[in-house]
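Please work through the exercises below with the sequence and the model open beside you. Each task is followed by a solution that goes step by step.

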Amino acid sequence: MIILEEVTKTYRRAQGGGELQALARISASIKAGEFVAVVGPSGCGKSTLLYMVGGFVPKSSGRILVNGVPVTGPGPDRGPIFQEFALFPWRTALENILFGLQEQKVPKATAHQRAQRLIEMVHLKGYEHLYPKELSGGMKQRVAIARTLAYDPAILLMDEPFGALDAHTRTMLQDELLAIWERDTKTVLFVTHAVDEAVYLADRVLVMTAAPGRIKADIAIRLPRPRRRDELLRDPNYQNYVIEIGHMMDRPAAA
Amino acid sequence: MNTMPRYVANLRQALAPIAVAAGLLLLWQGAALLVRTSYLPPMTDILPLAVNLVASREIFPDLFATLARLFVGLSIGLAIGIPLGLVSGRNRAVEDFVAPLLGMLYPVPKAALMPIVMLWFGAGDLSKVLIIVLTVSLPLVYHAQQGARAVDEKLIWSAQAIGCSPLRRLMLVILPASLPEILIGARVAMVIGVIVTITSEMIVRQSGLGNYLFTALDMGQYALTYAVILIVAALGFALDWAFERIRRQLTLWAPDRQGVDIAVTS
């Protein structure tokens, strides 16, 4: 369970002094096991919001609680997945996935068993001994997802994870993510600028305004699960959600 | 226009340096035969002497003395320079203290400190190694700092999320991520390390190639002097060649960069 209370973020400007408000008083709550997408125009601070929940970036004011405990820094209960993959380039795919398990002193045999299961789950069999630079973008993101799942965080913090992938790979990974989420019931906070992706994946979509970012709408997505892409694409409800939220994003923020 | 087959181009590329070297040797030989002074002995005297120095193993004790000093100096330099560079590259407070030290030391020719170091630590190996350490540390600190600063923040976040302590992050993330840059620093350090080792041996004359070279000069054995210079040059070349091989092996994982150029200043 994640609770945000009046969370703000201001940056001190590098030149000319003064402060720049990136996020203005964000309040929201995300239930355990919920899949929540955050959409908004680029530069609205949606990634910053995610980084603050992760404890990577300090908030300026307000409160962020994860399972009732204030966030003071990163922790293994919140696993990040970044658009840029952020794999350790000097480690092979397998070694990347083992990283968290080794840090948590999981016995070697158990760790390897677990890594092998994850490799099969994200369809990387046969590629586990390659270095990141030898993998395609989609494979890199699969490794990154497996690396995070390996230490079993209750919350996944996904920062435009499929934004750097081609359309085909993106849809494949969306489906794989849904399959994982439906089985493991993790809480997911998913930042994206693609409205269709948000509607397809999420239980709820938070729509943010342009900077300084505020939450402009909180929309429950009432579409049947498990989600089937071809059914949804024909479903007028799905289409309405995409169109409506798209319109919200188009409209300039009220002054 | 250029219809030259590829293998001819490859052959030219391989032969060009050899041709240049041969040309220079010939030029030298011609000049020496023309001028006929003992200061410029012909290559036909120098080369056999150089070969003989190695074949007879006469140069070995001094060669090993030089290598030992270089090795000890480099090892200590690596042990000090890399951690200092990495930490100061990630921590502003440490950097604030390291930066003025580097700025002060950088422009000083380290060999010029030799007399003072000798006053304090005696005219022996300790002084020499100290000067070598001082010299090779600078490029190591600098490049480790640059490498550590450039580490992708999200790599560090990924490690933090897992619960990596600061020390573990330094060892498991910042060090390997900075390795390509550190090895560039190490290559510079090694090359200038050879220079300063030989220089220090010329100033404090006990043993080593620098000492051998100056002794030959003192005794007016000019052909022998040049022969030792050739051996020193070959040593520098061989060390750099070997290091470049090791560097490539250690950074096979790294995304390719454009040709790495290093400027050596000493």
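**Exercise 1: A sheet in chain A**

Chain A holds an open sheet of four strands in the order β2-β1-β4-β5, with antiparallel pairing; state which strands lie at its edges. In this predicted model, local features need pLDDT of at least 70 and side-chain atom pairs count only at pLDDT 80 or more, while totals for chains, interfaces and linings use all residues. Residues are numbered from 1 along each chain as its sequence is written, and chains are lettered from A and ligands numbered from 1 in the order in which they are written.

Solution. Begin with the terms: strands (E, at least two residues) and helices (H or I, at least four) are DSSP runs numbered from the N terminus, and two strands pair if DSSP finds at least two bridges between them. The edge strands are β2 (19-30) and β5 (69-70) of chain A, each of which pairs on one side only. Next, β1 (residues 2-12) and β4 (residues 61-66) of chain A pair in the antiparallel sense over five bridges, and I3(A) has L65(A) in β4(A) as its bridge partner.

**Exercise 2: Two helices**

Find which residues of α2(A) are buried, and how many of the 14 residues of α4(B) are buried.

Solution. A residue is buried if 20 or more other C-beta atoms, placed from the backbone, lie within 10 Å of its own, exposed if 12 or fewer, and partly exposed in between. In α2(A), the buried residues are A93(A), N96(A), I97(A), L98(A), F99(A), G100(A) and L101(A). They pack against α3 (108-121) and α4 (137-150) of chain A, together with α7 (153-162) of chain B. After α2(A) comes K105(A), whose phi is positive, near 55°.

For α4(B), the number buried is zero, so this helix lies largely in the open.

**Exercise 3: The contact between the chains**

Describe the side of chain A that touches chain B.

Solution. Counting residues as in contact if their C-beta atoms, placed from the backbone, lie within 7 Å, 20 residues of chain A meet 14 residues of chain B. On the chain A side, β6 (78-82) and α2 (93-103) each supply at least two residues, and the largest share, four residues, comes from β6(A).

Notes. Contact = placed C-beta atoms within 7 Å.
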